[in-house]
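Work through the exercises below with the model open. Try each task before reading its solution.

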Amino acid sequence: MRFQTLRQLVELCRSESTTVARLMIEEQVKETGETREQVIRQMAEYYQTMKEAVRRGIEQPTASRSGLTGGDAGRVASFAASGDPSSGREASTAMAYALAVSEVNASMGRVVATPTAGSCGIIPGVFVSSQERFGWPDEKLVEGLFCAGAIGYVIANNSSISGAEGGCQAEVGSAIGMAAGALVEMRGGSPEQAMHAVGLALKNTLGLICDPVAGLVEIPCIVRNGLGAVNALAAADMALAGVRSVIPSDEVIGVMLSVGRAMPREHRETALGGLAQTPTGRKLTEQLRARKRSGSDEQKEPVQP
Amino acid sequence: MRFKHVFTIIGPAMVGPSSSHTAGAVRIGRVARQLLGCRPEKARVLLYESFAETYWGHGTDLAIAGGLLDYDTDDPRIPHVLEEARSLGLEITFEPSSGAAPHPNSAKIELWAGDRYAEVLGASIGGGNIEIHSLNGFDVSCSAQYPMLVIKHSDRTGILASITKVVSEAGVNIGFMDVDRKGRQGEAMTVIEMDSAPPEGMLESIRLLPDVADATIIDLAQRSGRA
């Protein structure tokens, strides 16, 4: 890849009068030696998988394997459709879709890691709801995924996309930044505006710890995906309105790395701190362990908080 | 660069719930399986740090077992793989370990089948991507993102030239390469990550080279058979 930072990415787009998405497609072709058609076809398959996960999560609410979560996507979708959601119908639809994909993930269903499974709801939530709202063809969203991927590539190589390394800011935070930047570009914003969206979004998740109850990608991961989709929409709007990330986005990514390194082990996906170690978090963990010991791995009775 | 292209960020398609603890774990298991070269009869899995603390909640055990049966990351059989392993007579033990590990999500896998043995130390670094730190006791560094040629050989002058000559004559470009040896003139291992899957016959040619003890191909891009 010819870029390692967001600044370099914007400069390349400017000097070659292209978009982040199109530049990423070219770079991918060079890196893998595959044809442009092959690369786009692979991404198109991933987008179909994301859409299927949204549909499955909304239409067939399933409990997670643990029984701790499930059905919230349907609740929010109904509220968005029939009520008067405070965040507006579009934002709450994005939220419902993000919850849906995360619930499918928690039930060991099929998803695409974007950039991880713990954060797999945010990009589909933003993309699929925006597609419906603006009437975009699939091709536009597939291109948008390359833009999201380019942003994620920079974050992953200069910081982290692993909760075990950098906390939830590295997973949910990265996904929000990727979704926000891609949405800006899909809505006609410049590469520069897209990069500002990344910085604006990441600032709001710096320091977010990874503290899954019982170590499961459920509590609080699923709701963080729902809320993350709304954050991405908001950051994209700020950037499209002309708000700039005064601290350059590359420097914000650097902060994510240093905050992640300073984060205690308890808050990096070990389930030894945070929400996982609240009285209720510990109680749920103990109930699941007891069930595991009793050998009934397939959950029959849901664990009651 | 730890992450090399766009599909290490968007992707893989996978069964949930965790790209690091499920998809990455499938891949580490698959590397071990392919290094062994056949279905294992017995497996011992040591889990470190976050893997040790949270493996049961993430289905890391199911994922590694799936990898040992050569399943891909999105194989729908993963949730029920332990029954399948049992029916195939594969005995797997999972042991959380408090030892030091190269990364918070690390696993060491030991496999046995007849007189064959394989050992892999791997880490799951996020988004389903992995780093292999050791193969059969040799320190290596590879991602398994590309087809990998793993060669055990003696530490002799010119051996690398003769290996790379075979690879070059097969028309395969080398992306990354790593060599480790136990000592001068001792046993050595070379790992070659290739830009494309090698043509038929290349592996055989390498096995026939003087001073080569064994050679295997590990290719996680290959789709395994689905039931």
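**Exercise 1. The largest pocket**

Which element supplies the largest share of the lining of the largest pocket, and how many residues does that share hold? Keep in mind that this is a predicted model.

Solution. 
- Step 1. Start with the space itself. The largest pocket has a volume of about 1200 Å³.
- Step 2. Turn to the lining. It is made up of 38 residues. Nearest the centre lie A:Glu34, A:Gln42, A:Tyr46, B:Gln145 and B:Ala221.
- Step 3. Pick the top contributor. H3(A) gives six residues, the largest share.
- Step 4. Sort the lining by class. There are 11 nonpolar, 16 polar and 11 charged residues.

**Exercise 2. The second largest cavity**

Find the residues nearest the centre of the second largest cavity, and the element that gives the largest share of its lining.

Solution. 
- Step 1. Count the cavities. The structure has two of 30 Å³ or more.
- Step 2. Take the second largest cavity. It holds about 160 Å³ of space.
- Step 3. List its lining. There are 17 residues, with A:Gly118, A:Glu171, A:Cys210, A:Val217 and A:Cys221 nearest the centre.
- Step 4. Assign elements. Helix H9 (168-186) and helix H11 (221-240) of chain A each give two or more residues to this lining. H9(A) has the largest share, three residues.
- Step 5. Sort by class. The lining has nine nonpolar, four polar and four charged residues.

**Exercise 3. The annotated region of chain A**

What does the UniProt record place on residues 17-276 of chain A? Describe that stretch, then one end of it.

Solution. 
- Step 1. Read the record. An unreviewed UniProt entry annotates residues 17-276 of chain A as "domain: Serine dehydratase-like alpha subunit".
- Step 2. Check the secondary structure. Over this stretch the chain is 65% helix and 1% strand.
- Step 3. Check the span. The end C-alpha atoms are 48 Å apart.
- Step 4. Locate A:Ser17. It sits in the loop between helix H1 (6-15) and H2 of chain A.
- Step 5. Decide whether A:Ser17 is buried or exposed. Its relative accessible area is 69%, so A:Ser17 is exposed; the cut-off for exposed is over 50%.
- Step 6. Compare sequence with space. A:Ser17 and A:Ser66 are 49 residues apart in sequence, and their C-alpha atoms are 50 Å apart.

**Exercise 4. The build of chain B**

Why can chain B be called as compact as a globular protein of its length?

Solution. 
- Step 1. Chain B has six helices and 11 strands.
- Step 2. Apply the globule rule. For 227 residues the rule gives 17 Å, and the radius of gyration of chain B is 17 Å, so chain B is as compact as a globular protein of that length.
- Step 3. Along the principal axes, the C-alpha atoms fill a box of roughly 50 × 35 × 35 Å.
- Step 4. Check burial. In chain B, 59% of the 227 residues count as buried.
- Step 5. Check contact range. Among contacts in chain B between residues at least 6 apart in sequence, 70% join residues at least 24 apart.

**Exercise 5. A covered helix**

How many of the 10 residues of helix H2 (residues 49-58) of chain B are buried?

Solution. 
- Step 1. Count. Eight of the 10 are buried, and the helix is mostly covered.
- Step 2. Name some. Among them are B:Phe51, B:Tyr55, B:Trp56 and B:His58.
- Step 3. Look just past the helix. There B:Gly59 takes a positive phi of about 70°.

Key. Residues numbered from 1 in each chain as written. Chains lettered and ligands numbered in written order. Predicted model: local features only at pLDDT ≥ 70, side-chain atom pairs only at ≥ 80, totals over all residues. Heavy atoms only, no water. 1 Å grid on protein atoms, 1.4 Å probe; cavity = no way out; pocket = protein on both sides within 12 Å on 5 of 7 lines; lining within 4 Å. Points joined across faces, edges and corners; volume = space filled by probe spheres on them. Helix = DSSP H or I, 4+ residues; strand = E, 2+ residues; numbered from the N terminus. Nonpolar A, V, L, I, M, F, W, Y, C, P; charged D, E, K, R; others polar. UniProt positions renumbered as here; feature names shortened; annotations may be inferred. Rg over C-alpha atoms; globule rule 2.2 N^0.38 Å. Buried < 20%, exposed > 50% of the residue type's maximum accessible area, 1.4 Å probe, protein only. Contact = heavy atoms within 4.5 Å.
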